[in-house]
Amino acid sequence: MKEQAAGVEVIMVGAGTSGLATAACLSLQSIPYVILERENCYASIWKKYSYDRLRLHLAKQFCQLPHLPFPSSYPMFVSRAQFIEHLDHYVSHFNIGPSIRYQRSVESASYDEATNMWNVKASNLLSPGREIEEYYSGRFLVVASGETTNPFTPDIRGLCSFCSSATGTGEVIHSTQYKNGKPYGGKNVLVVGSGNSGMEIALDLANHAAKTSLVVRSPVHVLSREMVYLGVVLFKYVPFGWVDTLMVMLSRLVYGDLSKYGIPKPREGPFFMKAAYGKYPVIDAGTCEKIKSGQIQVLPGIESIRGNEVVFENGHSHHFDSIVFCTGFKRSTNWLKGDDSMLNDDGIPKQSYPNHWKGKNGLYCVGLSGRGLYGAAVDAQNIADHINSILRPC
C-alpha cells in the first residue's frame, strides 16, 4: 500500500537531539518541516537506550540546545532524568511534536533535478504485518540520524556459544540494553569496551556487588569532569598543545600511572585525539578507584569464547555469567541515493569542520561533526539560517 504525504520545505531524518535542535531553529524562522523518526519517541537514545546513572560529561553550558538554556536550578553536570525533562519542555516550547512522524523507517532519499526536490520513501511501521509505503517531497533534506544509529557488537569467535542452551547459559547484551546493576549482584560480568559507557557501566556493576571485569584493548586518556571543564575554558586563552600538556599532567597527578593496572596512556594528547580521530577521553566517575582497589579487574582483548569461558589474548580464560558490549555504534546512511558529495560510506562528513554540514542541492547534515551537543546546536543554526537565506533572499 502506498501513500503520498504532503510536500514540505524541509524533510528531516531523525528526531534525536540534533533533529530537535534543527526543528527549533526552523520554527523560529517559520520554515515548515517534517521529521521522520524510526522509533516511537523522540530522543530515543536518551529515553530508551541509556543507563540510569548517566550524566552529561560536559558542563551544562556546553550542552545546551539552541534558544532554550537549561534551568538555573539544574546542576553543572545534568543527569539523564533532568536532560529528558528538559527535552520534553523543549519539544513543547517550540511545538515540535505535531511535525514528527514516528515509526517511519526511511528506505531511500534521492534528488530530482527536474523538479529540484528531494523525494523520500519511508515505511510506516505503525501497523505490524501491513506494509505501508509513504512518499515525501521537499526542497531541502537534513540528515539528523546522529552518531548513535545502529548498536555495534563485534564478531568474536564462539560468541554464539555463550548463550546457547547446549554449550553456555550466559547473557549477552549491548550497552543500549543495560539500565542498572541490580540484576547482576553476585554474578561474574564482563564489560567489553573502555570508552565512557564501558567505564561507567563497569562502575555501576561494581557498586551493585557484581564481580566485574573490564576489557581494555587500546590506550585511553582518563580525565575528571572538572579537568575537561578547565580544558574547555582554557582553549579561549592558551594554545591547544599547552592545554593537552596540562591535562596529561593533571591526570597523572590525580590518577597516577594507570598502566600498572592495564590502562596504558596514548602518546598524543586527549583533546588532540578528540579533534583528529573523534576519540573521546574517558571521564572518570569513580571507576579508577574501583580498579585500583581490585573491585574491577582489567583484562586484555578477547581471543575467543567457549560456552561461558572467555579466552583472552594473554592466554588466560575466565568464566562469566553475562557480557555487556559497550562497543559503540555504526552509522548508516545507505538510504541516501545518488549523492556522494557530503557523507562517506560510514555516514561521516567528507568535509572537515566547520564546512561539514552543507552538501549540494539542499542537502545538509547535523550532529555528525564529532563535537557533541554543542556541535549539533551550531550545525542546526547554520542550516536554518542557510535555508532561510535561500527561501527569503535579501
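Contact here means heavy atoms within 4.5 Å, and on that basis Asn388 touches Gln29 and Ile31, leaving out residues up to four places away in sequence. This is a predicted model, in which local features need pLDDT of at least 70 and side-chain atom pairs count only at pLDDT 80 or more, while totals for chains, interfaces and linings use all residues. Residues are numbered from 1 along each chain as its sequence is written, and side-chain values use heavy atoms, with hydrogens and water left out. Helices (H or I, at least four residues) and strands (E, at least two) are DSSP runs, numbered from the N terminus.

**Helix H1 and its partners**

- Two packed helices are described by the angle between their axes and the distance between the axes. The axes are lines fitted to C-alpha atoms, for helices over the stretch in contact, and the angles run from 0 to 180 degrees between N-to-C directions.
- Start with H1 (residues 17-28) and H3 (residues 80-93): they pack at about 30°, and their axes are 11 Å apart.
- On the H1 side, the contact with H3 uses Thr17, Leu20, Ala21 and Ala24, and H3 answers with Phe83, Leu87, Tyr90 and Val91. Sorted by class, that makes seven nonpolar residues, one polar and no charged (Ala, Val, Leu, Ile, Met, Phe, Trp, Tyr, Cys and Pro count as nonpolar, Asp, Glu, Lys and Arg as charged, and the others, Gly among them, as polar).
- Now for H1 and H10: here the axes come within 8 Å and cross at roughly 35°, and the crossing is right-handed.
- H1 brings Thr17, Ser18, Ala21, Thr22, Cys25 and Leu26 to this contact, and H10 brings Leu373, Ala376, Ala380, Gln381, Ile383, Ala384 and Ile387. The class tally for H1 with H10 is nine nonpolar, four polar and no charged residues.

**Back to Asn388**

- Asn388 is found in H10, which covers residues 372-391.
- Asn388 and Ile31 are 357 residues apart along the chain, yet their C-alpha atoms are separated by 7.5 Å.

**Aromatic pairs**

- The count comes to 13 aromatic pairs, where rings of Phe, Tyr and Trp (its six-membered ring) pair if their centres lie within 6.5 Å, with planes under 30 degrees apart called stacked, over 60 edge-to-face and the rest tilted.
- Trp46 and Phe83 make a tilted pair, with 4.3 Å from centre to centre and 45° between the planes. Trp46 is in H2 (residues 44-47) and Phe83 in H3, so the pair ties together parts 37 residues apart in sequence.
- Phe140 and Tyr364 are another tilted pair, with ring centres 6.3 Å apart and planes at 40°. Phe140 is in strand E7 (residues 132-143) and Tyr364 in strand E20 (residues 363-365), so this pair links parts of the chain 224 residues apart.
- Phe140 is buried at a relative accessible area of 2%, and Tyr364 is buried at 1%.
- Ring pairs also join Trp46, Phe70, Tyr74 and Phe83 into a cluster.

**Charges over rings**

- Lys330 lies over the face of Phe152, 4.9 Å from the ring centre (the rule: NZ of Lys or CZ of Arg within 6 Å of the ring centre and within 35 degrees of the ring normal).
- The charged end of Arg371 sits over the Tyr353 ring, at 3.8 Å from its centre.

**Loop residues to look at**

- Ser369 is in the loop between E20 and H10, and is buried with a relative accessible area of 16%. Setting aside neighbours within four places in sequence, Ser369 is in contact with Glu147, Tyr353, His356, Gly375 and Asp379.
- Ala43 is not a glycine, but has a positive phi of about 50°. Ala43 lies in the loop between strand E3 (33-37) and H2 and is buried, at 1% relative accessibility.
- Gln103 also has a positive phi, near 50°, in a residue other than glycine. Gln103 lies in the loop between strand E4 (100-102) and strand E5 (104-112) and is partly exposed, with a relative accessible area of 25%.

Technical notes
Buried means under 20% relative accessible area, exposed over 50%, partly exposed in between (1.4 Å probe, protein chains only). A crossing is left-handed if the near helix is turned anticlockwise from the far one by less than a right angle, and right-handed if clockwise.
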